[in-house]
2 protein chains.
Amino acid sequence: MTKYVYLFKEADGSNKALFGGKGANLAEMTKLGMPVPQGFTITTEACTKYYADGKKISQEVIDQIFAKLAELEAETGKKFGDSENPFLVSVRSGARASMPGMMDTILNLGLNDVSVEGLAKLTNNPRFAYDCYRRFIQMYSDVVIGIGKNFFEKIIDEIKERKGVKLDTELTADDLKELIERYKAFYLQEQGKDFPQDPKVQLIGAVEAVFRSWDNPRAIVYRRMNNIPGDWGTAVNVQSMVFGNMGETSGTGVAFTRNPSNGDKNLYGEYLMNAQGEDVVAGIRTPSPISHLKETNPEVYAQFVEISSKLERYFKDMQDMEFTIERGKLYMLQTRNGKRTALSAINVAVDLVKEGLCTEEEALLKIEPKQLDDLLHPQFDAKEIKKHKPIAEGLPASPGAACGKIAFSAEEATERAANGEDVILVRLETSPEDIEGMNVAKGILTARGGLTSHAAVVARGMGRCCVSGCGELVIDEEGRTVTIKGVKYTDQDYISIDGSTGNIYAGTLPMIVPQISGNFKTIMDWANKYRVLKVRTNADTPHDAKTAYDFGAEGIGLCRTEHMFFEKTRIAAVREMILAKTVEQRKAALAKILPMQKNDFIALYKEMHGYPVTIRFLDPPLHEFLPQKEEEIAELSKEMKISVEEIKNTIAALHEFNPMMGHRGCRLAVTYPEIAEMQTRAVIEAAIAVNKDGGNVKAEIMIPLVGEVKELRYVKSVVVETAEKVMEEAGVKVEYSVGTMIEIPRAAITADQIATEAEFFSFGTNDLTQMTFGFSRDDAGKFLGSYYEKKIYESDPFARLDQTGVGELVRIAAEKGKSTRPAIKLGICGEHGGDPSTIEFCHNIGLTYVSCSPFRVPIAILAAAHANIKNPRK
Amino acid sequence: MTKYVYLFKEADGSNKALFGGKGANLAEMTKLGMPVPQGFTITTEACTKYYADGKKISQEVIDQIFAKLAELEAETGKKFGDSENPFLVSVRSGARASMPGMMDTILNLGLNDVSVEGLAKLTNNPRFAYDCYRRFIQMYSDVVIGIGKNFFEKIIDEIKERKGVKLDTELTADDLKELIERYKAFYLQEQGKDFPQDPKVQLIGAVEAVFRSWDNPRAIVYRRMNNIPGDWGTAVNVQSMVFGNMGETSGTGVAFTRNPSNGDKNLYGEYLMNAQGEDVVAGIRTPSPISHLKETNPEVYAQFVEISSKLERYFKDMQDMEFTIERGKLYMLQTRNGKRTALSAINVAVDLVKEGLCTEEEALLKIEPKQLDDLLHPQFDAKEIKKHKPIAEGLPASPGAACGKIAFSAEEATERAANGEDVILVRLETSPEDIEGMNVAKGILTARGGLTSHAAVVARGMGRCCVSGCGELVIDEEGRTVTIKGVKYTDQDYISIDGSTGNIYAGTLPMIVPQISGNFKTIMDWANKYRVLKVRTNADTPHDAKTAYDFGAEGIGLCRTEHMFFEKTRIAAVREMILAKTVEQRKAALAKILPMQKNDFIALYKEMHGYPVTIRFLDPPLHEFLPQKEEEIAELSKEMKISVEEIKNTIAALHEFNPMMGHRGCRLAVTYPEIAEMQTRAVIEAAIAVNKDGGNVKAEIMIPLVGEVKELRYVKSVVVETAEKVMEEAGVKVEYSVGTMIEIPRAAITADQIATEAEFFSFGTNDLTQMTFGFSRDDAGKFLGSYYEKKIYESDPFARLDQTGVGELVRIAAEKGKSTRPAIKLGICGEHGGDPSTIEFCHNIGLTYVSCSPFRVPIAILAAAHANIKNPRK
């Protein structure tokens, strides 16, 4: 028989997969002898069983829950539903990976008409007891039954109005008793049956609700954004209630062992006296900094400091803890490795090594590669910023800088961002429903909430810049304005926010790219030490190449020559080439492009200082270079002295039903070998020129869209003949190689044959993903929504390599390629090259390098180090 | 050291791969003691070496050729270039597979200014010798050097004019001597050097020319049409010349051991006295039937009959032989298994078994499955034909019937056929350059040439209907008319030709589909006995289903439901469904389609008499069902009472960049599950209805375009829920299964996962080919020409399965599918399902069935038998 329910003291704290993060750490803290309200964890297996059984909780699990409940009752001497000493519990989700705020929590469970009196007696505080009960009815109805909170709020408002009071706290015990009766009546009316009085019924209802919440839409979105598999399921933690709201000697708070914004080694947190935990997180009242606790409750503070320090040493990482003080006694409700900004992550990692708490490798693993993105994001230019006066100040909730127009809701932000607008999401406070809007906004600004409010926590997790708790904002959602110190801003006004200082500015401010220095550099040095996978960049311009080189790129993995073709000064010659009627005309037009391409390559070679530069030959279908609009066609007609009709005929002749699968890539070089000749000449002549100035160019010519070895053999023969001719003309040799992109399934399947010609493979996983899935990225939007909704896909295959399908083709191709050319160089140049999970995959299957956009280079370097630390390459 | 050159008596006649068909059989005949002019064969390996060495014949090969030449000279007592007893040879190609007329031949090689005198003395016929020499110069200049024949023809014409004669034969020995001088002068002028006098130089030049001709454009086209690999290369046969043109006791001819048109067991052939072989094949003079030889040369005839019969018994197949009579002595120049019509193939095969010459399995292997196509081609309706009087009569050169408009050249035929016209190619005579035009024409009609003329041989090989040698045709190519008995026909006039009778009719005649009976039935019975692969059909209509069932289909492998959606009476409801704004509206529209679909399926089930029927759910993107033209949109707007603007908006919203990779297939069912519900209901309700009438329906529901198991799981759950509901409503059960098409590379790669849900796989190799190659069939036309020209592709991957790439995915998927569901049913339903080489592949990798168009069913049955005879399935 499978054991589905474990007391905290029975559970194995190292098994997060089974007990979830929260449950595992409660077990650990229990074992460390810390003051943890006891309880039990229902395993993630029970959750997956719930789904496997068709969303039904089995009798087996129920029996085990009740058995553990009985044990707990015996231990605490309290009893479920008791009129003297009632046992009350919280029911919380706890997944393997932290998903803050995504799933449901129920507090005060166990209250009913009888036990509420027990609680009143026990606490000698009937008002408190009734307030707990009415909150429980409200929360249970919302979370378990699905009756919206607003119905209950309406009832409260009615009573407050009748009583002539404004705040909930002004209601008396009797008012609350009346409220409870009205709540229950409303429940009966809505549900056709009484609010459940049996605490066991309540408990199972709550457990099922938590299981269900694993699959609520916002949790699904969060998982997709964070690559958490949908089949992991959540554990459920049932824990004895302790009360932070039992008066002024009670309280609740959250704290980090180090500063999650910058990594400083100081206890960092907030607390509220006479409050429950949700009040702190919700950001409705503004809490006090944790340091105040030292003055008001020195003993509790000392105990908390000791526990904090012990936890940090035990887990060898910065901790994020929740605690409650019940009538002067400290209880630890949760600890976990704290989410932190990239800056903090880097500083903490370096400090932990300095402090001897962990090794360099362990320290590297504590930094999420993706997070580095934040450090690479532009910041406001420090010199410029001095010239501007902030219009307001908030809390520096998540670092980085952002400029954008004001959006008033998450939906609006999503819509406007999709239309290419930069927006700042401005909200009174954020809630889990806002997650998608927060993700697409450039920054988030809230009027309410502290550094641990929802907005702050989520923004830091996303690497999105955030300023929270700016009380000076007066938001008029309906009027669509924000008033700050008397000045009105509309949805068309730009504002700029600095998440590192909390400052808010009107208009847009200039930004700069940060440098890699200090602890960031230390981390990069370590990462370079522990990785074997090389990191290159995708760059078409000298500017991008320089940025990437400065970030540590070891070459260019993909230079898309067609981007150069589109430049205004060149497009005329390109169009002349396309409109050419004979090979001679085409060659004449190409001759005009040659010197420009050559100069492009010279500049790129120089920026790469002897690292290899991979140049992909012309790839897109030719019609992309021709104008579509009438006036542009007319202009071109004048310019080229070709009739409008003829140009239109050419455009019509080049029309394709499926351009993605049309006349492009090496197919262009097969039909018009003179294009490949020109490009080869540019590559080789540029190399000769740079070498003459002391350079040491390694040119890699990459033939795109190859699906058959004979295709590559043909184009390669054109390249090699031309290259040899150019070198003979110049009387010097340069180092160059010829390889191919593997981006067509057939190329992967026949990679052993292709490798007999290709000196390197570069996996073009963008196109390979499209062809392997059989859907075009441009068209998939029409159905991908349904696919996410129905949980058919859990992540965007264009952002994260589909390792099962596309990845298997990559693996097959790598293996086959090596079988006929053991020394073949293998790289990846699709956008996936900057995705850490894909980089780990590339390391594991033995690729030589990954290539990514310049700003992703440090991320890729760290991810490559992670991959080799986890699975050292022999 | 590799041996590249073998005397006929040294060669291994069973090794056609090395010696080519002609060389191998010359070796066999030599061993059988038949009168074969001796010579040697240069192997196919020498040809592939020639290409590998960059189109250069190596010294090694040259040395071996000269060594064998010396042996031959010693043996015959003749000497190359000798003034007394000159050694003359023919140089002919001889590939592994017969490629008649595709490559080059040079006769009379060895003649020069000296040896021509030797020949004159030896034959005592100077005119003959000079004629040989001038022919040789002409042929050599054309084939080896590339100086067109027309230049030489001009010189002849000049001399004839000056002499006042009309025919070549009227020129005297002196005239010919002058001609030779002028030829040589012209050669010198063109080439800047003398016509080669050294026979050894001539020989190597000729050998190289034959090697080169392996890669001439018409040979490449022929190979692509006949699936002959481009890397096989050709052998070269150098053989002592014998002369059929040494006067009236000499002659030359070709003959078959049985009738190649109908298989009758009679010697069948033609000969010409005082002629060289080329004269018979070229069709310029009309030859006599072989039976005449009995009267004119009874001894030679008896000898030839004996040899024929011996060859047929030896090769166990009908032989096609070339012979020459030199001054009364018979020489055998060639024998090979005779090309024959499908009818002849079938009759010969059955007869050979009856005669005890071979087994049923051997007999089956003698019939090319593709040939059966001819027997399945429509014939003129025998009853109707009686009512029509032929306008002319020619020779029944290749059976079958055809109607079409007149085309005057191969180019014209190609162009007009590409535009969808049915054309009959009408020519004075055909030549190898015409091959592409012959292939696309419905039929071929020539004014000149016998039953073994180029037109006749090639047309039979292609299964194209042909009437040859119709002397009544007066063709005016420039005026673009054909006059028959005074009546003019233009390129816009239809004619009908009957290749089985030789009759030609004006206009079009009604045709009928033939039945399987007689020997054809015997062959089909044998094929059914020896195959294990099942054969199904792709059919959307009861008519197609019936045709296929009558031809032996064992079920429907693919019913495309969308073809039914396009029907005029239904398209309104389909459009209503697409324009629906809500699920309810969509369901209402679908409810209108339901009864029609149900009736479709009832009809199909009935025609299949209990065999399985695979129904593919809606596949094409929805925009395909909407009108594109303004007037159609206006009409639809009126019909549906929806504004034109709204319809245009819907069309615009449904627009896709790459429809091939867009919102189609099961993606439709995922977004609109109500479509799948309706189709399931139609499938099951139809089955219930047919079973009620005593049917035994096996419905197979096929979900298209699956790429991920969860996708199939979702759609399958919709199908199964609906099916169970329908059966519960009716209170009966029907047999049905749910499977998928494997047509997306990712489906093949993850087939093990997909098979956990799919009860069968059907390989949709049309789409799988597109996705695997990464090109769209609609767009590939723009570059495939270059690919064929540059020999990157040798066959159309949509006609013949690419076994290396696409086939490998099919193999992987079959293997993976079986790994998780050993009893999985595996089929193929792409157009490749009717291609014999693909069928053999499907047999070898263990598929359960192939599915093809109705008229391909007998072909598939025979191909399946071939596959199992060659490689019996355990």
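In this predicted model, A:E312 counts as buried because its relative accessibility is 7%, where buried denotes under 20% relative accessible area, exposed over 50% and partly exposed the range in between, with a 1.4 Å probe and protein chains only. A:E312 belongs to helix α12 of chain A, residues 298-315 (helices being DSSP runs of H or I with at least four residues and strands runs of E with at least two, numbered from the N terminus). The side chains of A:E312 and A:R258 form a polar contact at 2.7 Å (a pair of N or O atoms within 3.5 Å, of which, within protein, one must be able to donate a hydrogen and the other to accept it, residues adjacent in sequence counting only through side-chain atoms on both sides).

Over all chains, 54 aromatic pairs are present, a pair being rings of Phe, Tyr or Trp (its six-membered ring) with centres within 6.5 Å, stacked if the planes are under 30 degrees apart, edge-to-face if over 60 and tilted otherwise. The rings of A:F128 and A:F243 are edge-to-face, because their planes stand at 90° with the centres 5.1 Å apart. Since A:F128 lies in helix α5 (126-145) and A:F243 in the loop between β5 (234-240) and β6 (251-256), all of chain A, this pair ties together parts 115 residues apart in sequence; both A:F128 and A:F243 are buried.

Residues are numbered from 1 along each chain as its sequence is written, and chains are lettered from A and ligands numbered from 1 in the order written. Local features need pLDDT of at least 70 and side-chain atom pairs 80 or more, whereas totals for chains, interfaces and linings use all residues; side-chain values use heavy atoms, without hydrogens and water.
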